[in-house]
Amino acid sequence: MKLRVLALSLTLVSPLHALAEDGPAHDQLQAMSQANRSLNYTGRFLYQFGAEVSTMEIRHAVLDGKEHQRLTHLDGRLVEVIRRGDEVVCLHPDRTLTRISRTETGPLGLAQRLAEDVPAQYNILVDGDGRVAGRNATRMRVAPLDTHRYGYRLWLDRDSRLLLKSEVVDGSGVALERVEFVSIELAPGLTHEDFALPEVVSQSDLNSLPPSHEMQKLALSAEWLPAGFETTGQDWRHAEDDRAPVAAQGYSDGLAAFTVFVEEVKDGSVEEGVSRVGPTVAVSRRLTAPSGAYLVTLVGEIPQVTAERVIQSVRVQDARH
């Protein structure tokens, strides 16, 4: 479950860099991104993540010039993620609230990650017609040009251009993650009340540490990255329970993304290994450097072989020693 929550949090990191040529397919993606940001709508969709399937509800509106969105889990324990402008909060089942310093949230983040241009490491293709949630759709493919990243299949509403269905697929075309609307309503008359925060018992933040914090002295680098991947510049920190803060560095090709986490370890009780949930892989290994011992963990939506090669190239330098 922690891997799944962390995987969802990583969808909040999505800068875009490399360019694709303009053309009909490019125009379709631009229209989709604009529709997903600007239209008011509500809907219910299925979210398949590995072997798990969840039903979720979304409300989306632009109110007073600011984008608002509310994602609600309809099965299992009640969890909500609410965006109001640049503010993003996660409401937990125990009535606690976590504020997140990112603006692109949840399983529908793919539309936002296509907001600018598809990176040069992908081809975009119009792939025919389809039908989703009773609406006519245009099928599209975002196909990688190498084996270091996944591909995407998209279904765009013919009328509104909203993204009605998306799949993350591996090199064999198997869907690792699927988001599919089962019902959708346009222009439903949403107000600020639809995005109001309930009373909570406590609040916490997931924010970057101040520059003066000692963990800022850790310098992370990867000696090998797949073509097109660069550091995102979003060097954020995640603290959980009573553990010390964890230094982190994000990487992205503009569409796919992963994050490398590094924490100091004082003894030999370090959990190394690999786990996968849907398209998300987590690889951990112990790293010994002149400044000490560290646990290095890579989490992101890239193939396992690629993740293992990246983590083997990670180096840590500590200016405190």
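Student: Where does L163 sit?
Tutor: L163 is in strand β10, which covers residues 163-169. Keep in mind that this is a predicted model.

Student: Is L163 buried or exposed?
Tutor: Buried. Its relative accessibility is 7%, and buried means under 20%, so L163 counts as buried.

Student: What does L163 touch, leaving out residues up to four places away in sequence?
Tutor: M32, N36, A111, L154, W155, L156 and F181.

Student: And how far apart are the C-alpha atoms of L163 and A35?
Tutor: They are separated by 8.4 Å. Along the chain, L163 and A35 are 128 residues apart.

Student: Let's switch to L63. Which strand is that in?
Tutor: L63 is in strand β2, residues 52-63.

Student: Buried or exposed?
Tutor: L63 counts as buried, because its relative accessibility is 12% and the cut-off for buried is under 20%.

Student: Which residues is L63 in contact with, its neighbours within four places aside?
Tutor: H68, L190, T191, H192 and F195. Take H192 from that list. H192 is 129 residues from L63 along the chain, yet their C-alpha atoms are separated by 7.3 Å.

Student: What share of contacts in the protein chain joins residues 24 or more positions apart?
Tutor: 57%, counting contacts with a separation of 6 or more.

Student: New topic: cores. How many residues has the largest nonpolar core?
Tutor: It has 42 residues. Y152, L154 and V260 have the most contacts inside it. Strand β18, residues 280-289, gives the largest share of this core, with four residues.

Student: Why would nonpolar side chains be together like that?
Tutor: In soluble globular proteins, nonpolar side chains tend to be buried together.

Student: What does V260 touch, beyond residues up to four places away?
Tutor: L220, A247, A248, Q249, Y251, V296, T297, L298 and V314.

Student: Now backbone angles. Which residue has a positive phi of about 55°?
Tutor: A133, although it is not a glycine. A133 lies in the loop between β7 (122-132) and β8 (135-144).

Student: How accessible is A133?
Tutor: A133 has 30% relative accessibility, so it counts as partly exposed.

Student: And what about the phi of R161?
Tutor: R161 has a positive phi of about 75°, and it is not a glycine either. R161 is in the loop between β9 (151-157) and β10. Its relative accessible area is 15%, so R161 is buried.

Student: On to pockets. How much space lies in the second largest pocket?
Tutor: About 190 Å³.

Student: What lines the second largest pocket?
Tutor: 13 residues line it. D146, T147, H148, R149 and P303 lie nearest its centre. Helix α4, residues 304-312, provides the largest share of the lining, four residues.

Student: Which classes are in that lining?
Tutor: Four nonpolar, five polar and four charged residues.

Student: Last one: the whole chain. How many helices and strands?
Tutor: Four helices and 20 strands. The chain has 321 residues, and buried residues make up 50% of them. Its accessible surface comes to about 14800 Å², with 48% belonging to carbon and sulfur atoms.

Technical notes
Residues numbered from 1 in each chain as written. Predicted model: local features only at pLDDT ≥ 70, side-chain atom pairs only at ≥ 80, totals over all residues. Heavy atoms only, no water. Core = buried A, V, L, I, M, F, W, Y, C linked by side-chain atoms within 4.5 Å. Buried < 20%, exposed > 50% of the residue type's maximum accessible area, 1.4 Å probe, protein only. Helix = DSSP H or I, 4+ residues; strand = E, 2+ residues; numbered from the N terminus. Contact = heavy atoms within 4.5 Å. 1 Å grid on protein atoms, 1.4 Å probe; cavity = no way out; pocket = protein on both sides within 12 Å on 5 of 7 lines; lining within 4 Å. Points joined across faces, edges and corners; volume = space filled by probe spheres on them. Nonpolar A, V, L, I, M, F, W, Y, C, P; charged D, E, K, R; others polar. Areas by Shrake-Rupley, 256 points an atom, 1.4 Å probe, with all protein chains shown as cover.
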